[in-house]
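Subject: Structure handover

Hi there,

Here is the structure I promised to pass on to you.

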Amino acid sequence: MLEISDNGRTWLLSGPTSSYAVHLADGDELLHLHWGPRITLADAEALAVRPLPEYWPFESPLDGREEYPVEGGPRFVRPALSVRTEERRGTEWGFERYEAEGDELRLRFCDDGLTVTLHYRMRGDVVERWVTLDNQGPVLELLRADSATWTLPDREDWRLSQLHGRWGAESRLARSPLAYGEKVIGSRRGHTGHQHLPWVALDTDATEEHGEVYGCALGWSGSWRIAVAQLPDARVQITGGAGYDDSGLLRLAAGESFTTPVFAGLWSDGGFGGASRAWHAYQRAYVIPDADQDRPVLFNSWEATEFDISEEQQSVLARRAAAIGVELFVVDDGWFGTRTSDRAGLGDWTPNPDRFPSGLKPLAEYVHALGMQFGIWVEPEMINPDSELYRAHPEWVQHQTGRKRTEFRNQLVLNLARGDVQEYLWEQLDGLLSSAPIDYVKWDFNRCFTDAGWPGEPYPQRLWVDHVRALYGLLDRLRAAHPGVAFESCSGGGGRIDLGVLGRTDQVWTSDNTDPLDRLTIQHGFTQIHPARAMAAWVTDSPNAMLNHRASSLRFRFVSAMAGVLGVGGDLARWTEEELAEAREWVTLYKEIRPLVQRGDLYRLRAPRGGLSAVQYVLGDETVVLAWLQAQSFGEPVPALRLRALDPAASYECLETGEIHRGAVLGHHGLRVGLRGDLDAMVIRLRRI
């Protein structure tokens with residue numbers, strides 16, 4: 001809901017439980033008024049009449065109070081907008097008008113031909129903010145154009161939550177006191193990165209289910225930066241957007257414009273769990289395509305075959321996958337060009353004639369006949385020097401004149417900002433998806449930008465932004481032309497996970513680390529912001545060959561992977577009949593609980609800290625608990641789990657045993673259920689009766 005004061009200078013956006021308010025002061029300074037519990041327009045107007053404090057000239061009364069600080073004028077904080085022309089640098093803007101259309105508020109400011117429009121939209125309790133820059137004046141350079149600056153209320157002892165990591169160890173949650181100065185996270189690698197997810201949360205005393213939490217998440221799949229600053233007067237602001245530094249985003253000539261990505265913010269008084277559930281609901285409703293449709297159980301051939309694949313071999317795996325209940329069969333790397341190792345073939349997106357003499361269509365049709373969908377792996381933004389494409393167009397890669405072209409994983413990065421590269425990839429991928437009944441594409445990105453040059457381009461820095469915009473455009477175009485095809489975002493695991501790519505893909509590959517114990521920590525962090533509906537997780541072979549050679553039971557591996565979108569990635573050709581039979585039972589169980597896992601409300605009952613950990617999903621009158629016992633000490637009994645979001649006055653039937661759980665009621669906390677100490681993982685299903 002959007003409300004506007006009679007004088008047209010105070011604006012209030014409200015969701016079910018929260019409000020966000022801004023005010024235009026007499027000098028055309030846009031001031032932040034409120035972000036937090038729901039208030040009335042009269043409350044916002046009362047806040048608007050409070051005068052700004054007076055400072056000595058060493059400080060500015062605008063700092064920490066201005067809604068979108070620009071460079072120039074009486075400001076000392078980090079600017080959200082920094083521009084320059086040949087004559088000058090900075091912005092001296094004046095308010096032009098506001099526009100209200102549906103649930104969107106637009107505040108328009110002008111400065112010598114540059115129009116800056118601040119956009120606001122409330123979706124649930126999530127505030128979406130972004131900026132449009134439209135130039136009708138002299139050529140200007142956008143050094144920095146952040147999507148938003150968020151201002152937090154005056155509090156003491158703020159604590160910062162973030163998700164950090166590396167390849168194979170993504171999305172690990174860290175919480176620490178916020179000190180004076182700036183905390184900056186981001187990526188200068190050309191993609192979202194394994195090192196940080198573009199999300200932060202701040203609180204003072206929140207627990208998992210109680211207390212105020214402020215969170216911000218950026219929807220951008222390239223280089224990015226979020227800066228959290230505690231200012232000298234203890235006020236806190238969060239600024240973020242595309243690009244890591246201030247070296248330049250784009251050059252705008254007269255008639256050109258730039259729209260920043262969305263930087264979304266959320267206030268919740270339900271603790272970290274309540275904030276997570278609000279983020280999940282927002283993404284299922286407004287971000288992830290077709291989120292009301294449950295994702296199928298998939299099998300991926302990579303760990304079974306790596307590059308040594310053939311049509312016959314894939315057919316064998318397909319039969320075994322179908323027999324255990326798999327619904328989507330995915331052929332991973334190695335099906336195209338001369339791709340017999342990671343040294344060749346990237347860029348040549350046609351089936352290898354020796355391995356697939358009649359193309360992919362016969363295998364796809366065979367997989368369909370087995371009752372499964374068919375998917376493939378691609379890495380369109382990359383190229384091997386040993387490829388037909390590179391031999392024809394070496395100028396199409398990112399490179400610096402007179403410098404060695406750095407290779408990682410024996411590959412270079414295509415300059416997707418070029419129109420000819422975009423058209424080539426469109427023709428290749430559209431042709432591929434038209435050549436066979438393909439239902440699913442795993443889109444990978446296996447190296448970072450290094451030599452991000454563009455010889456001959458007047459403003460080569462633009463490739464950092466235009467690569468991402470071209471990626472989005474290509475995905476949008478392919479989805480429109482092939483509406484039945486689902487896409488998964490992958491970047492060596494979790495290297496490209498953000499609200500931007502989630503708006504164009506159906507799920508993401510969470511990590512290349514498929515060890516089920518490590519995955520509990522990764523999944524615990526991932527769900528701080530993103531829903532289980534998007535979190536792909538595989539059951540692979542034991543011992544885990546990729547990272548740690550740790551052995552684990554098939555039960556533990558399945559229950560770990562069932563916490564998200566279940567997949568199987570082991571070599572089914574080597575599984576015993578007993579293992580295949582057990583796998584079939586787990587797949588059957590997952591399909592029964594899948595609506596709860598993928599669409600239900602998620603409660604993290606116990607964090608994975610070495611003993612018992614558990615998560616709970618609630619949808620309607622049903623709940624399911626996934627629990628893992630990592631270790632026991634001195635024969636101690638397994639502690640009971642206190643369930644959430646259940647009616648303490650109701651009775652619940654345990655669907656596994658027919659037990660009725662009565663009496664063990666703990667007030668508003670709901671039921672307490674016990675676990676068997678002889679099992680390392682359990683699935684508990686309850687239904688209200």
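This is a predicted model: local features need pLDDT of at least 70, side-chain atom pairs count only at pLDDT 80 or more; totals for chains, interfaces and linings use all residues.

Residues are numbered from 1 along each chain as its sequence is written, and side-chain values use heavy atoms, with hydrogens and water left out.

**Salt bridges**

A search of the whole structure finds 47 salt bridges, each being a side-chain nitrogen of Lys or Arg within 4 Å of a carboxyl oxygen of Asp or Glu. Here are some of them.

R89 pairs with E71, with 3.1 Å between the closest N and O atoms. This pair links distant parts of the chain, 18 residues apart: R89 is in the loop between strand 5 (81–84) and strand 6 (94–101), and E71 is in the loop between helix 1 (41–48) and strand 5. Helices (H or I, at least four residues) and strands (E, at least two) are DSSP runs, numbered from the N terminus. R89 is partly exposed, at 47% relative accessible area; buried means under 20%, exposed over 50% and partly exposed in between (1.4 Å probe, protein chains only).

E577 and R320 also meet through their side chains, at 3.8 Å from N to O. E577 is exposed at 56% relative accessibility, whereas R320 is partly exposed at 24%.

In a further salt bridge, the closest N and O atoms of E423 and R477 are 3.0 Å apart. The two residues are 54 apart in the chain, E423 in helix 7 (residues 419–435) and R477 in helix 8 (residues 463–481). E423 is partly exposed at 36%, and R477 is partly exposed at 37%.

There is also a network of salt bridges that links E96, R97, E99, E101, E104, R106 and R108.

The axes of helix 10 (residues 516–526) and helix 11 (residues 554–561) come within 9 Å and cross at roughly 20°. Axes here are lines fitted to C-alpha atoms, for helices over the stretch in contact, with angles from 0 to 180 degrees between N-to-C directions. The two helices are therefore roughly parallel to each other, a label for angles under 35 degrees.

The loop between strand 30 (535–539) and helix 11 contains P543, and the peptide bond from S542 to P543 is cis, with omega near 0°. H549 sits in the loop between strand 30 and helix 11 too. H549 has a positive phi of about 60° although it is not a glycine, and it is exposed at 58%.

N410 likewise is not a glycine but has a positive phi of about 60°; its place is in the loop between helix 6 (388–392) and strand 26 (412–413). As background, most residues other than glycine have a negative phi, and most peptide bonds are trans.

**A nonpolar patch**

Which residues form a nonpolar patch on the surface? They are W167, M546 and L547, with about 260 Å² of accessible area together. Patches are made of residues with over 30% relative accessible area and no salt bridge, like charges being joined within 9 Å and nonpolar side chains (Val, Leu, Ile, Met, Phe, Trp, Tyr) within 5 Å. Accessible areas come from the Shrake-Rupley method with a 1.4 Å probe, and for residues only the protein chains shown count as cover. W167 is in the loop between strand 12 (159–164) and strand 13 (172–177) and is partly exposed at 38%.

Best wishes

How values were computed:
Angles under 35 degrees count as roughly parallel, over 145 as roughly antiparallel, 65 to 115 as roughly perpendicular and the rest as oblique.
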